[in-house]
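Here are my notes on the model, as numbered points. Please read them with the structure open.

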Amino acid sequence: MSAATMTAPRLKAGADEGRIGVRANLRHIGALVRRNVLQIKQDPESMFDALLMPIIFILLFTYVFGGAIAGKGNQHAYVQHLVPGMMAMMGMNIAMAVGTGVNEDFRKGVMDRFRTMPIARSSVLIAKIVVEIGRMLIATAILLGMGFLLGLEIKGSMLAFLASIVLSTAFGAALMWIFILLGLAMKTPQAVQGVAMLVLMPLQFGSSIFTPTTKMPGWLKGFTEVNPLSNLADAARALINGQGAVAHPTLITLAWAVAITAITMPLAVAKFRKKT
């Protein structure tokens, strides 16, 4: 078989992509979502991070660091601060797994098979994000369940509580495009994970997720004020606890989510088309 014959399906797929309608595109996304869910079913160990990470982190920070941060015997008050902040953290940690998963799929040749099909390139990546949003919601539900067991109270309205979940999910979905782009740019899953950790650690610990920024030195406090995770944590905290500014951190978080998606989504789709 000649090289021209072998490349024909991919050329045809690229040519047909622009003529794919919205209904067909949604059908393709649905089929790819089903494929990704079945893949998780065949490999249940891939859910360990979403299932166990919330439990480990909330117990670790509540009982190991909670007394030092909030004062001995004040773990209950610290839970009210910690859990809304950790909702922001869950989204970022789950998003990191998307990048390593995309990179691994390319190494296995899965993505090459998808690129030979007459489907929109974006549908492959969107389906990946839809499934990861599901994993993120599961992790968030476990986190909140543990929070309730440790004394978390919803002091705001139920609508505000649901809004905090939606806000965290929207920001986490935006971050996934960054990690997809990173997964497409790096050569190995280990490289993706290494670079991702270099980004995650300062953003998570240099924020208001775990401790109030008033206790931080001036130079670090300046960083936390522009850190998008701090804005998300503050917004979720205000919505759940029913006190504090809501509008400003919420709008800043949404602006970050829109900007990240608008910039990285086209770049990720373009990189997906061209990656060899």
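1. What do the side chains of R135 and E132 meet in? They meet in a salt bridge, 2.8 Å from N to O. The term means a side-chain nitrogen of Lys or Arg within 4 Å of a carboxyl oxygen of Asp or Glu. Because R135 and E132 are three residues apart in helix α6, about one helical turn separates them. Helices here are DSSP runs (H or I, at least four residues), numbered from the N terminus.

2. On provenance: this is a predicted model, in which local features need pLDDT of at least 70 and side-chain atom pairs count only at pLDDT 80 or more, while totals for chains, interfaces and linings use all residues. Residues are numbered from 1 along each chain as its sequence is written, and side-chain values use heavy atoms, with hydrogens and water left out.

3. The network. D49, E132 and R135 are linked by salt bridges. D49 pairs with R135, the closest N and O atoms being 2.9 Å apart. D49 sits in helix α3 and R135 in helix α6, so the pair ties together parts that are 86 residues apart in sequence. R135 is buried at 5% relative accessibility, and E132 is buried at 9%. D49 is partly exposed at 26%. The classes, with a 1.4 Å probe and protein chains only, are buried under 20% relative accessible area, exposed over 50%, and partly exposed in between. E132 also touches I94, V98 and M176, not counting residues up to four places away in sequence. Contact means heavy atoms within 4.5 Å.

4. The structure holds four salt bridges. One of them joins R237 and D234, at 3.2 Å from N to O. These two are three residues apart in helix α10 (residues 228-241), so about one helical turn lies between them. R237 is buried at 10% relative accessibility, whereas D234 is partly exposed at 33%.

5. The largest pocket has a volume of about 800 Å³. Of its 29 lining residues, S46, D49, A97, T100 and R135 are the closest to the centre. Helix α4 gives the largest share of the lining, 10 residues. A pocket is an open set of points on a 1 Å grid over the protein atoms alone, with protein on both sides within 12 Å along at least five of seven lines; a cavity is a set where a 1.4 Å probe fits but cannot get out; lining residues have an atom within 4 Å of a point. Points are joined across faces, edges and corners, and volume is the space filled by probe spheres set on them.

6. How many cavities of 30 Å³ or more does a search of the whole structure find? It finds one. The largest cavity has a volume of about 40 Å³. Its lining includes L32, R35, D105, F114 and K128.

7. V33 lies in helix α2 and is buried at 18% relative accessibility. Leaving aside neighbours within four places in sequence, V33 is in contact with A127, V130 and V131. F210 lies in the loop between α8 and α9 (218-226) and is buried, with a relative accessible area of 5%. The C-alpha atoms of F210 and M86, 124 residues apart along the chain, are separated by 7.8 Å.
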